[in-house]
Amino acid sequence: MENKGLLQSDELYKYILETNVYPQEPEPLKEIRALTASHQLFFMGTSPDAGQMIEMLLKLTGAKKTLELGVYTGYSLLLTALTIPEDGKIVAIDVNREYYEIGRPVIEKVGVEHKIDFIESEGIPALDKLLENPDNKGSFDYVYVDADKINYLNYHEKVVKLVKVNGIIVYDNTLWYGSVAKSEDLVPEVLKQGRTSVLQFNKALATDPRVKISMAPLGDGITICRRVY
Ligand SMILES: C[S@@+](CC[C@H](N)C(=O)[O-])C[C@H]1O[C@@H](n2cnc3c(N)ncnc32)[C@H](O)[C@@H]1O
């Protein structure tokens, strides 16, 4: 298989960001990125190139009712809030409200907070609660999953029931720092558990007849799923 140069070097990634992504990135998103840069977990934020694709998907599908699992300081949340229509909604779940509070002033300032229903909770019980309401089943236009990788398969079983047929689910970090293609002995200890979960998840997703997928090598890898039935 020919390597066509994709993800070949840090320089290439820098080129993509500087030439294609940053010039179109909305100012408030730059602000959240700047606020997050000094945080100890800054690397958790959604990559702006992946964000650009998500914005494209939200616009193309006309998504209005959305769900996000894994908010952190709110980069992807604000991106979604800025992109969906004025009467659009985002159910945003995160176990840690403190992170959300870091980016919240920016979200407030741009006047999109009314679209957000922030739920401070572990992901599984929050999704179960959503599923208890029959109106939620098959109703979400778009779901973004960017929380603990160890639960991705559990999350998938739930969000696939929440998203509507032909709706979109995006999973972040599905290349897990490139570790998915390395042999385990070359993978740093800190990545090992996540790598095992992501490997299992990627394999299961590729054979799940309920979704059609596209793995986009943006950021840390995003897998875009369309619910088929
Ligand atoms: C990778 S960050 C999300 C980044 C975010 N999408 C952004 O663009 O900045 C992961 C988030 O998932 C949250 N999280 C981790 N485990 C969780 C769980 N079991 N349930 C809910 N949220 C969880 C963390 O608190 C953290 O804020």
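This is a predicted model: local features need pLDDT of at least 70, side-chain atom pairs count only at pLDDT 80 or more; totals for chains, interfaces and linings use all residues.
Figure 1. The partner of E108 is R104, and the closest N and O atoms of the two side chains are 3.6 Å apart in a salt bridge. Both residues belong to helix 5, which covers residues 97–109. E108 and R104 are four residues apart there, so about one helical turn separates them.

**Figure 2. R104 and the network of salt bridges.** R104 also meets the side chain of E113 in a salt bridge, with an N to O distance of 2.5 Å. E113 counts as partly exposed, at 24% relative accessibility. Which residues are linked in the network of salt bridges? They are R97, E101, R104, E108 and E113. Side chains of opposite charge can pair when their charged atoms come close.

Figure 3. A search of the whole structure finds 15 salt bridges. One of them joins the side chains of K64 and D87, at 2.9 Å from N to O. K64 lies in the loop between helix 3 (48–61) and strand 1 (65–69). D87 lies in the loop between helix 4 (75–83) and strand 2 (89–94). The pair therefore ties together parts that are 23 residues apart in sequence. K64 is partly exposed, with 37% relative accessibility. D87 is partly exposed too, with 48% relative accessibility.

Figure 4. The shell around the ligand holds 20 residues, and T46, S76, D94, E122 and D146 come nearest. Sorted by class, this shell has nine nonpolar, seven polar and four charged residues. How much of the ligand does the protein bury? A polar backbone atom of G70 is 2.9 Å from a nitrogen atom of the ligand. For V95, a backbone N or O atom lies 3.3 Å from a nitrogen atom of the ligand. Y155 uses its side chain: a polar atom there lies 3.4 Å from a nitrogen atom of the ligand. Taken alone, the ligand exposes 600 Å², and the protein buries 90% of that.

Figure 5. Is D146 buried or exposed? D146 is buried, with a relative accessible area of 11%, because that value is under the 20% cut-off. The side chain of D146 also makes a polar contact of 3.3 Å with the side chain of K149.

**Figure 6. The two sides of helix 6.** Helix 6 covers residues 123–132, and its buried residues are G123, A126, L127, L130 and L131. These residues cover an arc of only 140° around the axis, so they are on the same side of helix 6. Which residues are exposed on the other side of helix 6? K129 and E132 are exposed there.

**Figure 7. Two residues with positive phi in one loop.** N173 is in the loop between strand 5 (163–172) and helix 8 (189–206). Phi of N173 is near 70°, a positive value, and the residue is not a glycine. N173 is buried, with a relative accessible area of 10%. Y177 lies in the loop between strand 5 and helix 8 as well. Y177 also has a positive phi, of about 55°, although it is not a glycine. At a relative accessible area of 42%, Y177 is partly exposed.

**Figure 8. E189 in helix 8.** E189 lies in helix 8. E189 is exposed, with a relative accessible area of 62%, because that value is over the 50% cut-off. How many residues lie along the chain between the positions of E189 and L58, and what separates their C-alpha atoms? The two are 131 residues apart along the chain, and their C-alpha atoms are separated by 36 Å.

Conventions:
Residues are numbered from 1 along each chain as its sequence is written. Side-chain values use heavy atoms; hydrogens and water are left out. Buried means under 20% relative accessible area, exposed over 50%, partly exposed in between (1.4 Å probe, protein chains only). A residue is near a molecule or strand if one of its heavy atoms lies within 4 Å of it. A polar contact is a pair of N or O atoms within 3.5 Å; within protein, one must be able to donate a hydrogen and the other to accept it, and residues adjacent in sequence count only if both atoms are side-chain atoms. Accessible areas come from the Shrake-Rupley method with a 1.4 Å probe; for residues, only the protein chains shown count as cover. Ala, Val, Leu, Ile, Met, Phe, Trp, Tyr, Cys and Pro count as nonpolar, Asp, Glu, Lys and Arg as charged, and the others, Gly among them, as polar. A salt bridge is a side-chain nitrogen of Lys or Arg within 4 Å of a carboxyl oxygen of Asp or Glu. The arc is that of the directions from the helix axis to the C-beta atoms.
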